[in-house]
Amino acid sequence: MSGFRTLDQADVKSKRVLLRVDLNLPMENGRISDATRIERIVPTIRELTGKGARVILLAHFGRPKNGPDEENSLKPIAAALPEHLGAPVAFASDCIGAIAQDAVAKLKDGEILLLENTRFHKAEEKNDKDFVASLAKLGDLYVNDAFSAAHRAHASTEGLAHVLPAFAGRGMQAELEALTKALETPNRPVAAIVGGAKVSTKLELLGNLSKKVDFIIIGGGMANTFLAAQGHKVGKSLCEHDLLDTAREIVAKAKAAKCEIVLPSDAVAAKEFKAHAPSRVTDVGHVQDDEMILDMGPRSTVEVEKILSACKTLVWNGPFGAFELQPFDAGTNAVAKTAAALTQKGALVTVAGGGDTVSALNQSGAAEHFTYISTAGGAFLEWLEGKVLPGVEALRIKSN
Ligand code: AMP
């Protein structure tokens, strides 16, 4: 991968490798409810141990307020890691100082150690120089495999990259390659699907995408605001009536940048926001006062599928409807399946991300056929918004 140092350039044999990973896992009653983030770091850890590195895992967990607390300890996660890695994992109850140093000193080539939550020290989030130095003492090299934390300039996500030889792990590399392929050097035409609840949370996203893509297909509750801005009645649909001028400005700016904004032409409308509420398909101009739009209609679905068939790249954030409530997941599911089929044929590069989007695409069964699904949430969105991610920038090869 150009621009970044990867494990291809790292000589790790017998070296102490400080590996920043994302272990901020969803937990329910003290148990891991979704281990996707562990699965994502397995390749990097296996490669490093396979090459004889001494792997020291650094991670944060939750938002501890006042130093160490049991609720935010990584200890239960250390206990769960061996099952996924097929190797034992030692644990140290602090990430700096004598406890960490002793644990690191005991590591042999090919062994793995997890250090306690970096956020138990306030200095982590302050990117404090002395704290960075205390962490750096533990390693010879720094590898960052936590793209999802790269929008934060913390000691373990950014600071370390300036004081140790720094490399992107395989997960970080895959994310950067997918995002570059989707937005920086894409095959055109490029379509973006921007759906979800509200325009107000996606203003920066729409602004940046309109400069980079050929079509922005708007879905979900946010489409209602755009429809209302065109003078359509949207009944009691989710709609930000105070943003109609903003919606009109977005459309005008996109047009000036030669980006077409695509809105639904028909809708599935219901009188109640609940699963299996009686519903009907209607043109967007004919929504009644007591109805709300909960999904796009079948004609809009076909229109979206037609655009995707003519495109070479798709970036997707946000569902087309209230996908948690059946049958209002139909539009999202249909487009997801079409995008997956085009990907499988080699006709479309598909990159999707953002919390609800990942659940919606998993629910449709299409996710596994997408080119890349980002689980990074905030960092993924900030990249799509065109923002600089400090943790990524720090890994860039500088030309002197
Ligand atoms: P976001 O987090 O902005 O991507 O929004 C995702 C949420 O938008 C999901 O919980 C969907 O149920 C919701 N959503 C999508 N379309 C609609 C709609 N037409 N009416 C109400 N909620 C919607």
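1. Which polar side-chain atom lies 2.5 Å from an oxygen atom of the ligand? One of E324 does. That is a polar contact, a pair of N or O atoms within 3.5 Å.

2. A word on the basis. This is a predicted model, where local features need pLDDT of at least 70, side-chain atom pairs count only at pLDDT 80 or more, and totals for chains, interfaces and linings use all residues. Residues are numbered from 1 along each chain as its sequence is written, and side-chain values use heavy atoms, leaving out hydrogens and water.

3. A polar backbone atom of I293 is 2.9 Å from a ligand nitrogen. An N or O atom in the side chain of D356 is 3.2 Å from a ligand oxygen. The protein buries 82% of the 500 Å² that the ligand exposes when taken alone (Shrake-Rupley method, 1.4 Å probe).

4. Now the shell. The ligand is surrounded by 14 residues, each with a heavy atom within 4 Å of it. A197, G221, I293, G321 and E324 are the closest. By type, the shell has seven nonpolar, four polar and three charged residues. Gly counts as polar here, and Asp, Glu, Lys and Arg as charged; Ala, Val, Leu, Ile, Met, Phe, Trp, Tyr, Cys and Pro are nonpolar.

5. Aromatic pairs come to three. Rings of Phe, Tyr and Trp (its six-membered ring) pair if their centres lie within 6.5 Å; planes under 30 degrees apart are stacked, over 60 edge-to-face, the rest tilted. F147 and W383 have ring centres 6.3 Å apart and planes at 55 degrees, so this pair is tilted.

Technical notes
Polar contact = N/O pair within 3.5 Å; in protein donor to acceptor, adjacent residues only side chain to side chain.
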